[in-house]
Amino acid sequence: MAASLVVLGLAWQQVQATRLGYQVEKARRAEQLLRGRLGALQMKLETDLSPAQLANQAKALGMIQAGPESLRVLGAGAACAARSNFLSRLFPGLARVLST
Amino acid sequence: MDTRLRLAIAASIALLPTLPLAVQLARFQVMEHRSLDTKASNEFNRSLEEVVPRADILDRNGKILAQSLQVWSAFLDKNMDVDCAVVGARVGPILHVLPLELSRRCKAPGRFMTLSKTLSYEQSQALAAARVEGVGIAPSQERFYPNGTLARGLLGQLSADGRGAAGVELAFESRLAGKPRRLKIIRDGAGRTIYKSLELDSPAPAPLKLTIDRNIQYTAEEALQDAADQYKMAAGFAVVQDPNNGEILAMASYPSNPLKNPLIQDTYEPGSTFKMITAAAALEEGAVKESDTFFCENGVYEISPGVVIHDHEPLGTANLASILEHSSNIGAAKVVERLGALRFYRYARAFGFANKSGVDLPGETAGEMKPLSDMTKVALATAGYGYGIGVSPLQMVDAYSAIASGGTLWEPELLKDGRKPVRVRRVVSEETARTLTAMLENVVEKGTGVPARIPGYRIAGKTGTARQLDLLTHTYSNSRYNASFAGFLPASRPRWSILIVISDPKGQYYGAQVAAPVFAKLGRRLLTAAAVLPDRAPLPLSSVRIGRGELRGLASGRGLAR
């Protein structure tokens, strides 16, 4: 009786292992397909965000290249305001944070 | 007879036929178990080898320059029960191939037939769902370059078997290539796979990060393309380097060729851009002081009987700064004569010429320079202004970076992997570097490099215009030139060294006309993108004087740089 139970148990294990083997392989294939799909989408995103694509789209929108003469220095006013604040005089660290 | 005895005999007779079965069972399960198990294992067990995808190549900001993706290919195994008409009718629409065409190909001799090498995700799903007898789907890898032709001369490409064949793909093959992963599987009677275990696992190789900046690379390539459209040049090169550590930020060539990188594999005669090295050597050795003057023979100098050196514009007496400003060949010849062949040769080598730089790319040339024993008076004089020597674009930009960095030559670096920059040697003192920087600024401010000016910024650089050597006649061409400009900016605290070389431009051919504007265009974009503030107050418009010579020069090209 015990022996037949053991034999039955072993047989069940074998069947389960085979069934799981099918499932694992199916899942592996699905994972590969999805990974490929994800990769393809990421590639499309990278291509769409490539410098050449962005430049073409910018040109199509009528944008032009900025030059260094377009640079403006900001933040001097905010820094002054921060420095004059009572709390910032009391806590210089806070002033540095406010000015950045 | 006793009932029990009768039952026992009856049972024995009934069970007797099972005795041979039991004996056989014992024989198979116990005595021959091992050999039968091995046979069965060989019959059903398989080892499936998969290759882990090749590593990505990234730019310095983590943007993908190259990536391998899993793709699927479809094939037909005609040894299975294949009906070509069914294959054509059901597979053709999925692969966007005419059913009749597919049926016809199916009937061709040969066991296997490739249906498609790259299936999309949707196609692979549709094909799997179609369950056409004989049709199989196999995984494979394909290399993608999402930025198109950007940096392809640097990145290189793969061979048909997926191994690096040129460029970075070849140079770093061992780091990029994915290792195999092995799985133990069983195939059932219908050919389906049952996963058993992982025999050998291989992690995906880490991405390779380059020092290249994708945006700077694009800007450099765009500038070359614009120059190509305007000057119909045969070829063009642009290199951008960080002079503070040798990192290469852009390496652009026109036309782009994934199998060749001319910036390290080809040489060119640099012309007047080499005068910087002559001047640096002369200053460092004390052979020439800033105040020393040379008579530039008013533009015509017979250095040796029958050998005449010409300047593009007559110049009388000039100091070193003026020689660079006006790009006088005669002045440079006299400076190098005073310096001497040995010291000139030593400094040229110290700046990295006639040596491989050690950059991590295949096929680098060391360049060409006459051996010291062949340095005649004429050879030395011409070498002083950049003729008779072959340099690679990378060597030239590295030399200018040495001046920009205060006199230190850094090894060109292509990999951003946490390695410390390699300091090759100190070439000149900081004082010499500062003096030379001021002279190069003067070239841009008042001399032949004026078209490289960027208002509000201090630019240091030198123009170059060199006749190309005709390889058939071994004489210098009168119609084909290399126009170049080498420099760095902002001169007060250099962030970029840039070299522009335009080979065989049509129409205009001077470095000042052709290469300097490309330098300025690229420089402007770099300054804007990095939000670098001006390091000089802009000159009021009234103070900008354009001399008649410069105007004439701009029109005819004769007054400007050689």
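How many helices and strands are there in chain A? Chain A has 5 helices and 0 strands (helices are DSSP runs of H or I with at least four residues, strands are runs of E with at least two, and both are numbered from the N terminus). Along the sequence, that gives the pattern α-α-α-α-α. This is a predicted model, so local features need pLDDT of at least 70 and side-chain atom pairs count only at pLDDT 80 or more, while totals for chains, interfaces and linings use all residues. Residues are numbered from 1 along each chain as its sequence is written, chains are lettered from A and ligands numbered from 1 in the order in which they are written, and side-chain values use heavy atoms, with hydrogens and water left out.

Of the 100 residues in chain A, 18% are buried (buried means under 20% relative accessible area, exposed over 50%, and partly exposed in between, with a 1.4 Å probe and protein chains only). A:Leu5 sits in helix α1, residues 2–48 of chain A, and is exposed at 53% relative accessible area.

Now for the salt bridges (a side-chain nitrogen of Lys or Arg within 4 Å of a carboxyl oxygen of Asp or Glu). Side chains of opposite charge can pair when their charged atoms come close. Over all chains, the structure holds 34 salt bridges. One of them joins B:Glu32 and B:Arg27, at 2.8 Å from N to O; B:Glu32 is partly exposed at 25% relative accessibility, and B:Arg27 is partly exposed too, at 32%.

Another pairs B:Glu169 with B:Arg54, their closest N and O atoms being 3.0 Å apart. B:Glu169 belongs to helix α8 (residues 167–171) and B:Arg54 to the loop between β1 (45–51) and β2 (57–58) of chain B, so this pair ties together parts that are 115 residues apart in sequence. Both ends are tucked away: B:Glu169 is buried at 0% relative accessible area, and B:Arg54 is buried at 6%.

B:Lys521 and B:Asp226 also form a salt bridge, with 2.3 Å between the closest N and O atoms. Here helix α19 of chain B holds B:Lys521 and helix α10 of chain B holds B:Asp226, so parts 295 residues apart in sequence are tied together. B:Lys521 is partly exposed at 29%, as is B:Asp226 at 28%. Elsewhere, salt bridges with shared partners link B:Arg175, B:Asp360, B:Glu413, B:Asp417 and B:Arg419 into one network.
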